[in-house]
Amino acid sequence: MDRGMTGVLPRTPTLEDESYLDFMEDVRNFAIRELFPVMSQQVTAAARKAGLADDGATAPYRELGAVADPLPLVGVWKRIMRSQQQITWNKIAATLHENPAFYEAQLADAEQARPDRLHYDPEFVVPDYAKLDIHLQPGGYCNDPLAGFIFHHGTKVFYQGDNNQDELHHQFADMLLEPADGPPKRILDTGCSIGQGTTALKERFPDAEVWGVDVGLPLVRYGHKRAVDLGIDVHFAQGLAEDLQFDDGHFDSVLAYILFHEVPSRLFKPIIREAFRVLRPGGTYTVVDAPNNKAMPAPNRVWLRFDAIYNCEPYSPAFVACDLPALLEEAGFTDIQVEMTPTFLTRTTCRKP
Amino acid sequence: MSDVLKAEEAIAAAGKTEPAFLSHPLLDRLLESVMVLSAELWVERDRRRILEQLLADKGIVSPADIETYQPAPDEDAERARLRSQLTHRVLGPLAKTGT
């Protein structure tokens, strides 16, 4: 059943799903806002008692795990966090898969309405690194035709109510650094997922040609459908940030919103090199992602390790440990600025000379 | 800088089967929470199922009316408050210090 929209957020297919996912959102809130602080105190105390360096902030993961994992509350927290994810994904995916043709038709209709705004090659080969069930989403971003629908409903829970109307995406679109000579005329959103940032960029720069590129075809197809529904004129393409199908100097600005922590570290340099290549001189690169190259308290490192292993975020620790500004500088970017945003993410901006 | 957890290590550590995190009496408390939750869920579901059946049989409210019902903003706030109460009733004991 089509239950319509609440603003730009689609309602779940059934009332039961809505109630169920609302409940899971509360469970997630509880685990993060109430259980994690209590757990943090215990982890820090245990790390201190065990004599780990800097209360566990700099101890090897293996040593920190040996101290934290036996704590009962750590186990409870992990179980709640993991089960919440699994229950949420499975619940909404099961409902959507009861009637896949209904959702496939929506994607096909949008494709028929605006074929000139969706670009993909049926011969495209998805790299192995992108085939994982990231965040435990069944089928990941590439292996379920309905992944975009599933992702949108599931991440509503993930964002804990803070992004129901794409508020965060608007916030980060607003953080895109403008070129010194004026607003960008061509913008690229790399790792655009379902295009919430892509459409937010278009709304900020209505005269610009805006492209969203992502490895997941189901995601960009959904992003395209969503943009058509919203009446926002943007392009979507299946593609790789490390191998962009655009000419040198095509764009004025490139955004990478939470892209880097979802790719293997060997791709950091190629991705930055490609952003540099497709930017024109004077163009800007804005990266919004997890803080990197910073000391992290032991409880947060327990969370990062949990996410990496048990929430299928295996690439994240390598990004957190890397020195992004150094990589940007090495690629030739200048005027590199790093700042913490009001959220849990860092904004890094730079310019191509 | 501390050491780095490599992607291959994380993928290998995740394994193929569902991991176990618990081996302590807290497991019992968690199970208790799940049971309380299941009970609350069933009470609500059973009552609602009967109610919906009666309403439909009497031609008062159809299932479609319920599915497409759009709550008013203040009503939504009340829903959120009641839901939060339930979350705390079910999960609250886990956050008590001393666990």
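1. The contact between the two chains draws 33 residues from chain A and 28 residues from chain B, where two residues are in contact if their C-beta atoms, placed from the backbone, lie within 7 Å. The model is a predicted one, in which local features need pLDDT of at least 70, side-chain atom pairs count only at pLDDT 80 or more, and totals for chains, interfaces and linings use all residues. Residues are numbered from 1 along each chain as its sequence is written, while chains are lettered from A and ligands numbered from 1 in the order in which they are written.

2. On the side of chain B that touches chain A, helix H1 (7-14), helix H2 (26-57), helix H3 (63-67) and H4 of chain B each supply at least two residues. Helices (H or I, at least four residues) and strands (E, at least two) are DSSP runs, numbered from the N terminus. H1(B) gives the most to this side, with 5 residues. By class, the side of chain B that touches chain A has 17 nonpolar, 7 polar and 4 charged residues. Here Ala, Val, Leu, Ile, Met, Phe, Trp, Tyr, Cys and Pro count as nonpolar, Asp, Glu, Lys and Arg as charged, and the others, Gly among them, as polar.

3. Confidence should be considered next. The predictor assigns the complex a pTM of 0.90 and an ipTM of 0.86. Chain B has an average pLDDT of 82, and 80% of the residues score at least 70; pLDDT is the predictor's confidence in each residue, from 0 to 100. Where pLDDT is low, the predicted coordinates should not be read in detail.

4. One helix pair spans the two chains. The axes of helix H1 (residues 15-49) of chain A and helix H4 (residues 73-91) of chain B come within 10 Å and cross at roughly 55 degrees. Axes are lines fitted to C-alpha atoms, for helices over the stretch in contact, and angles run from 0 to 180 degrees between N-to-C directions. H1(A) and H4(B) are therefore oblique to each other; angles under 35 degrees count as roughly parallel, over 145 as roughly antiparallel, 65 to 115 as roughly perpendicular and the rest as oblique. In H1(A), Asp22(A), Phe23(A), Asp26(A), Val27(A) and Phe30(A) meet Arg83(B), Ser84(B), Thr87(B) and Leu91(B) of H4(B). These contact residues comprise 4 nonpolar, 2 polar and 3 charged.

5. H1(A) also packs with helix H3 (residues 72-96) of chain A, at an angle of about 165 degrees and with the axes 9 Å apart. The two helices, H1(A) and H3(A), are therefore roughly antiparallel to each other. Their contact has 17 nonpolar, 4 polar and 3 charged residues.

6. Elsewhere in chain A, helix H9 (residues 268-278) and helix H12 (residues 324-331) pack with their axes 10 Å apart, at an angle of about 50 degrees. H9(A) and H12(A) are therefore oblique to each other. Phe268(A), Lys269(A), Ile272(A), Arg273(A) and Phe276(A) of H9(A) meet Leu327(A), Leu328(A) and Ala331(A) of H12(A). This contact holds 6 nonpolar, no polar and 2 charged residues.

7. Chain A also has an open sheet of 8 strands, with mixed pairing and the order E3-E6-E5-E4-E7-E8-E10-E9. Two strands pair if DSSP finds at least two bridges between them. Strand E3 (118-119) and strand E9 (334-340) of chain A are the edge strands, each pairing on one side only. E3(A) pairs with strand E6 (residues 235-238) of chain A in the parallel sense over 2 bridges, and Leu118(A) stands opposite Phe236(A) in E6(A).
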